[in-house]
Amino acid sequence: MNNLVLEIENLSKKYDDYVLKKINLKLEKGKLIAILGSDGSGKTTLLRLIAGLICKSEGEIKVLNLNPLKEKTKLMQYLGYMPQKFGLYEDLTVIENINLYAKLKNDTQSVDKMLEFTRLKPFKKRLAHDLSGGMKQKLGLACALLSNPKLLILDEPTVGVDPLSRIELLELVKQAINPKTSVIWSSSYLDESYNFDLSIILNKGEIIFQGSAKTLGADYEEFEKEVIELMGGYKEEESVIAKNYHLAPNDIECCVLADNLSKKYGDFWAVKNNSFCIKKGEIFGLLGPNGAGKSTTFKMMCALVKPTSGKGYIMGTDIEKEAQKARSYLGYMSQKFSLYSRLSVLDNLNFFAGVYGLSGKNKKEKIERIMKVFDLEHYKDMQSSELPLGFKQRLSLSCALIHEPNVLFLDEPTSGVDIIQRKEFWGHIKKLSQIGVSILVTTHFMDEAKFCDKISLFNNGEIIALDTPCELIKKANAKNMNEAFIELIKRRENE
């Protein structure tokens, strides 16, 4: 009897160019399998081919001994699939979404069980649109688990999710499946690989590693070095941006100051009594679970959301009283791609350079230099909506830096980009701080937190710890920031 859940031979997918190239895989039933890689590596394309959602260009593929296209109807009986982007109906409630999927899968008897299991029952009348990121992922997982599938395909279920919630989602999956269920789980978080029987790492449409993550290193740092080598290696270079940056002189003690900032929506405190000071040249990390209040804090400090109480200052300027002046000192890269999608790369850079008061030869030289630094020259005439995610992030950072601000706000700047691109980003960020730029940053990659001079750990809208990464690790009696984050959040929730 065939014990394979997946058989792939020389599988390729081509659009204008190859997205996947000569993929060969044989995966056993009943295993937890991780497909790892950055956005654009080919993960989603591979999972969509497995689920029979798109046609292959070359090669052969069998899923549960079935042809995923020719025998798609039969395969769907055994398949649970959760797409990368929230594939449910945001204008329907939780219960309406799950009832809809239950009817499609002919499994209405499992609805209450799934609501209880994912702890969504208290929120069953809430619109999907109003759920937090982690709760949306749980709802998507509940729908995928209906009818007890033989193969569960989860496309980046932990994207943009904090470390504690990532662990929780994986534990939910392990509890929900039976020993014969196969799970294929894609992710851009390489550290998740240690939780799986088998890890497959993709880079530019090709498999660069297949096996147990433990063979690459006993801990994440060793593992990361090996993956970087497999990707061609990385050598830190001088930051051309920092070298040519013209920082306006200042003698302000706190370049960014939050003084008891609070934001209340009805009876809910999104942020409560948040105070911190970011000095000249300091990298300040704002960390916390999804929904902790990080983005609300960012928006208040950018004068995009009015505080309920408290004050915020950028370079000594009151963000409420003199919002325009405060913003002129600030470069802001938002969590979601927020540039003009129908404009080209060059048009976006020209627009933002103009907004920040650049003109003439100075404007032209700065745009040319920043396009070269971030390797955007080849894409300058492409609509920004068509860019790969990693290049969207580069363009967002370029637009935030074009006017050489004293203060830089980065809301998850490296989400979705590969390890090497993350190192390049942080190379620029560290060099900018060294010349005096004050930086506020959020991230869900805890290995990036070590680059911060100070970290404010947030939970339920309040600061629960404020210290250097080393001190937070000591306080948590942990080995690294990932363990420290989880331990300190758990301690607070158990108080």
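Residues are numbered from 1 along each chain as its sequence is written, and side-chain values use heavy atoms, with hydrogens and water left out. Because the model is predicted, local features need pLDDT of at least 70 and side-chain atom pairs count only at pLDDT 80 or more, while totals for chains, interfaces and linings use all residues.

The structure holds 21 salt bridges (a side-chain nitrogen of Lys or Arg within 4 Å of a carboxyl oxygen of Asp or Glu). One of them joins aspartate 191 and arginine 166, at 3.3 Å from N to O. Aspartate 191 lies in the loop between strand S7 (182-187) and S8, and arginine 166 in helix H6, so the pair ties together parts that are 25 residues apart in sequence. Helices (H or I, at least four residues) and strands (E, at least two) are DSSP runs, numbered from the N terminus. Arginine 166 is buried, at 7% relative accessibility, whereas aspartate 191 is partly exposed, at 25%. Here buried means under 20% relative accessible area, exposed over 50%, and partly exposed in between (1.4 Å probe, protein chains only).

A further salt bridge links glutamate 404 and lysine 366, with the closest N and O atoms 3.0 Å apart. Glutamate 404 sits in the loop between helix H13 (389-401) and strand S16 (407-411), and lysine 366 in helix H12, so this pair ties together parts 38 residues apart in sequence. Glutamate 404 is buried, with a relative accessible area of 8%. Lysine 366 is also buried, at 10%. Arg119, Lys138 and Glu168 are linked in a network of salt bridges.

Helix H12 (residues 360-373) also holds lysine 363. Lysine 363 is buried yet has no salt bridge. The nearest side chain of opposite charge, aspartate 347, is 9.2 Å away (Lys and Arg count as positive and Asp and Glu as negative; His and the chain ends are not counted). A polar atom of the lysine 363 side chain lies 3.5 Å from the backbone oxygen of asparagine 350. Neighbours within four places in sequence aside, lysine 363 is in contact with Asn350, Ala353, Gly354 and Leu358 (heavy atoms within 4.5 Å).

Other buried sites follow. Six of the eight residues of helix H9 (residues 294-301) are buried, so H9 is largely enclosed by the rest of the structure. Just after H9, alanine 303 takes a positive phi of about 60°. Glycine 205, in the loop between S8 and strand S9 (206-211), is buried at 0% relative accessibility. Beyond four places in sequence, its contacts are Val19, Leu20, Lys21, Ile23 and Ser41.

A cavity is a set of points where a 1.4 Å probe fits but cannot get out; a pocket is an open set with protein on both sides within 12 Å along at least five of seven lines; lining residues have an atom within 4 Å of a point. Grid points are joined across faces, edges and corners, and a volume is the space filled by probe spheres set on the points.

Three cavities of 30 Å³ or more are found. The largest cavity has a volume of about 120 Å³. Its lining comprises 17 residues, with Gly37, Ser38, Leu190, Asp418 and Ile419 nearest its centre. S8 gives the most to this lining, with three residues.

The second largest pocket holds about 940 Å³ of space. Its lining has 33 residues, and Asp191, Tyr220, Asn480, Asn482 and Glu483 lie nearest its centre. H6 gives the most to the lining of this pocket, with six residues.

Definitions and conventions. Polar contact = N/O pair within 3.5 Å; in protein donor to acceptor, adjacent residues only side chain to side chain. 1 Å grid on protein atoms, 1.4 Å probe; cavity = no way out; pocket = protein on both sides within 12 Å on 5 of 7 lines; lining within 4 Å.
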